[in-house]
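Take a moment to look over the model below. We will walk through it one part at a time.

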Amino acid sequence: MLVAAAVLAVAWLLPLAWALATSLKPEGETTKTPLEWIGSKITFDAYRQVWAAGDLGRWLFNTAYISVMTTLLTVTLCAMAAYGFARTDFRGRKAVYGIVLAGIMVPPQVLIAPLFAEMLQLGLVDTYWGVILPQVAVPAMVFILVKFFEGVPRELEEAAFVDGAGRWRVFWTIVMPLSRPVLAAVAIFTFISTWNNFLRYAQMMASVVIAGLPLLIVFVLFQRQIVRGVAHTGLAGQ
């Protein structure tokens, strides 16, 4: 088990190490063949050029704003959709849920052109919402939350119904607080995928290294919530 964990850790760290090594090479050696880990010299020119060539602070703010707003909307909308599938019975429920699950099999790259055309028709190109809205409906997150909600004891909801609470109140005051671990995991996964969801040699790698630092911080701070969320989701299906 320890050996397997070490192999997975190396496999995960290898691309990061390559990005860092490439960012420290002279620009003319980044596409040199055969590939070499270390260039003829170590230089920070790529980092200086990235910092000087563009408004890096603005780039980071835009990415952070889009990631946070996308995360909030995704968690809220996917939770409401998942609760509806898990706890309500309406005509065509299985068919609609099947269509949602089918969305998991669609590669996101296939949707870039049609989503751009849609945002163009709505006049949202070059706006924050033109980037945020296409990302808030995530079938995989709906599926994860449905499996969790199905494991929440119905007795808790039925007791609230007896006391006069409606479906909306039960969802916000009982189900959502009980779902904090899985909601935290969904939020973190969404934030990380959104942060990385931008089409982006030495300067590029330098940008990637700089942009990746906040994600490392997020993972370090919230790794317990990730583990707990995944664990609770797995138990819900048993």
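What volume does the largest pocket have? The largest pocket has a volume of about 1,200 Å³. This is a predicted model: local features need pLDDT of at least 70, side-chain atom pairs count only at pLDDT 80 or more, and totals for chains, interfaces and linings use all residues. Residues are numbered from 1 along each chain as its sequence is written, and side-chain values use heavy atoms, with hydrogens and water left out.

Now look at the pocket lining. It is made of 31 residues. Pro108, Leu115, Pro134, Gln135 and Asn197 lie nearest the centre of the pocket. By class, the lining has 20 nonpolar, ten polar and one charged residues. Four helices, α5 (112-121), α6 (128-132), α7 (139-150) and α10 (180-195), each supply at least two lining residues. Helices here are DSSP runs of H or I, at least four residues long, numbered from the N terminus.

Follow α10 next. Its 16 residues should span 22 Å at 1.5 Å a residue, and its end C-alpha atoms are 22 Å apart, so the two values agree. The expected span is 1.5 Å times one less than the number of residues. Several residues of α10 are buried, including Leu183, Ile188, Thr190 and Trp195. Buried means under 20% relative accessible area, with a 1.4 Å probe and protein chains only.

Thr190 leads us to Thr74. The two are in contact, that is, they have heavy atoms within 4.5 Å. Leaving aside neighbours within four places in sequence, Thr74 also contacts Ala79, Gln135, Val136 and Val138. Thr74 lies in helix α3 (residues 56-87). Thr74 counts as buried because its relative accessibility is 0%. Its side chain reaches the backbone oxygen of Thr70 at 2.6 Å.

Key:
Buried means under 20% relative accessible area, exposed over 50%, partly exposed in between (1.4 Å probe, protein chains only). A polar contact is a pair of N or O atoms within 3.5 Å; within protein, one must be able to donate a hydrogen and the other to accept it, and residues adjacent in sequence count only if both atoms are side-chain atoms. On a 1 Å grid over the protein atoms alone, a cavity is a set of points where a 1.4 Å probe fits but cannot get out, and a pocket is an open set with protein on both sides within 12 Å along at least five of seven lines; lining residues have an atom within 4 Å of a point. Grid points are joined across faces, edges and corners, and a volume is the space filled by probe spheres set on the points. Ala, Val, Leu, Ile, Met, Phe, Trp, Tyr, Cys and Pro count as nonpolar, Asp, Glu, Lys and Arg as charged, and the others, Gly among them, as polar.
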